[in-house]
Amino acid sequence: MPSWLNVFALLGSALLPVGAQKRRCAYLASPSNALHLKEAGNVSGAEQLCGHTPCCMGYFKLGYGPPIPDLLGCNVVQMECPESSCFSSHHMENFTSCVCNTDFCNANLTWLAPSTPSPSPWGVSSICMVVVPLALLLILCIFMCHRSIRKGVAKPSYGRVTSQCSCHGLQGSDLDLGCIELRQMVGQGHFASVWSGYLRGAPVAVKVFPARSIQQYLRERTVYSLALLDHAGVLRFLGAGTAPQSRDRFLVLELAAQGSLRSFLSHSSCSWACSLRLAQSLSHGLAFLHADLQRNGTHKPPVAHGDLSSSNAVVRADGSCALCDFGCSTILCSCPEQPGWQQHRNIFQVGSAQVGTLCYMSPEVLEGCVNLGSSRYLLQGDLYSLGLLLWEVWTRCHELYPGSAVLEHRLPYEEVLGVSPSLGELVHWVSERRERPPIPLQWGQRFQEQGIYTIREILEDCWDHDPEARLTAQGAAERLATLAP
């Protein structure tokens, strides 16, 4: 993430006179920016009382769905702010910004997507090209909406979606187990077993949950039943049901010919084209899962996978990957009466009751420092896991080891911590020492001559220790697209 306060420092910090109106603004800042931003006024929770300016400011990340607040508070430089609402149609790389002049006006952004995007890179030489046009745009923009301000202190609200929420209930009718022919068990997990079989003559995978795993079954079925969840990067859902005698629950899913990604990599090395197809389909699937989609009045909320690993992705016959196993996932509902990231707070309680795969967990999850009040932190945990998955795929690409043998398949950190590292070992290695899987020198050099992102840069920007500095899933997918031959 750009250090916005450094940009402000380059412009100068001339403030308005002491007698300026005391403005209340929504407040949100990372630790690296909080110290400087607090100088603009007193902070109390999610509010800031401005000391020298009548203007609120906001920076928002752009990607799938509505813009996500990234930096909010009192404006720290003297600047015209004629708009009473936070309005923007201008963006810089993956960000947009606004300034406005009413209490808490920066809590919600009114966004008008430009017809022809023209991202501008941040740098000292381009500061004036960004700030001055932005100020002009704020003056010339049509007034789009008014924020209702009640007497007293209004509370900010982030990321609301005004369309009808589709997070409630399960869609589709139950299947009759009698029409499914089970053949053989192909996998066994913490909560369910996976069988190959046939549904009306077509090959399928059947995931069977015993009665004790009802919560995992319901959570996974709810994800698969979401509206618009139809994407090549997500395993296709065909139906669900209950066994009449045992009361076991089952999900019927698309059968991936080459099994789990972990199994595939254990038995096969691959070419650069093959590994890139695996990597790109993983990133596209995660970007779709994280997307907040609106289509013809139907809404698909973002979903944080919560347990992304090579055991929870499968490989089809065409060499593409699909994400599956959503028993640890969280639906990020934006319905005011049911915020989805508050439904399953126990999913990140790492310990004896831990679910998920330890070696893929991000540093903040291992330490138990996840801000469960923000959907952004749940999504960023998936990006750390994606970085480890990409590394795992590329360790098995023989074209990345010219003149030497390809490495045997290893899980992340297996070489130094073994196959089943403890929580304490991972906290020490990943969080305290900030170690990551080794990246061979030739990986970092492969694309330097083309002037585009290297494998090293993509991996390091996915698994960065600071969650706010990580790529989005869409950003990772876009970078991987630049690696195409």
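What is the handedness of the disulfide of Cys-86 and Cys-98? The torsion about the S-S bond is about -90°, so this disulfide is left-handed. The model is predicted: local features need pLDDT of at least 70, side-chain atom pairs count only at pLDDT 80 or more, and totals for chains, interfaces and linings use all residues. Residues are numbered from 1 along each chain as its sequence is written, and side-chain values use heavy atoms, with hydrogens and water left out.

A disulfide is a covalent bond between the sulfur atoms of two cysteines. Here the term denotes a pair of cysteine sulfur atoms within 2.5 Å. Five disulfides are found in a search of the whole structure. One of them joins Cys-25 to Cys-56, with an S to S distance of 2.0 Å. The torsion about the S-S bond of Cys-25 and Cys-56 is about -85°, so this link is left-handed. Helices (H or I, at least four residues) and strands (E, at least two) are DSSP runs, numbered from the N terminus. Cys-25 is buried at 0% relative accessibility. Cys-56 is also buried, with a relative accessible area of 0%. Buried means under 20% relative accessible area, exposed means over 50%, and partly exposed lies in between (1.4 Å probe, protein chains only).

The sulfur atoms of Cys-86 and Cys-98 are 1.9 Å apart in their disulfide. This pair links distant parts of the chain. Cys-86 is in strand 6 (residues 86-88) and Cys-98 in strand 8 (residues 95-100), twelve residues apart. Cys-86 is buried at 1% relative accessibility. Cys-98 is buried at 2%.

Cys-100 is joined to Cys-105 by a disulfide with an S to S distance of 2.1 Å. The angle about the S-S bond of Cys-100 and Cys-105 is 95°, and the link is right-handed. Cys-100 is buried, with a relative accessible area of 0%. Cys-105 counts as buried at 3% relative accessibility. Cys-179 is partly exposed at 25%, whereas Cys-359 is buried at 5%.

The structure holds eleven of them, each defined as a side-chain nitrogen of Lys or Arg within 4 Å of a carboxyl oxygen of Asp or Glu. In one of these, the side chains of Glu-254 and Arg-316 meet at 2.6 Å, N to O. The pair links distant parts of the chain, 62 residues apart. Glu-254 is in strand 14 (residues 249-254). Arg-316 sits in the loop between strand 18 (313-315) and strand 19 (321-323). Both Glu-254 and Arg-316 are buried.

Arg-183 forms a salt bridge with Glu-181, and the closest N and O atoms are 2.9 Å apart. Arg-183 is exposed, with a relative accessible area of 52%. Glu-181 is partly exposed at 39% relative accessibility. Another salt bridge pairs Glu-408 with Arg-410, with 3.4 Å between the closest N and O atoms. Glu-408 is exposed at a relative accessible area of 57%. Arg-410 is partly exposed at 33%.
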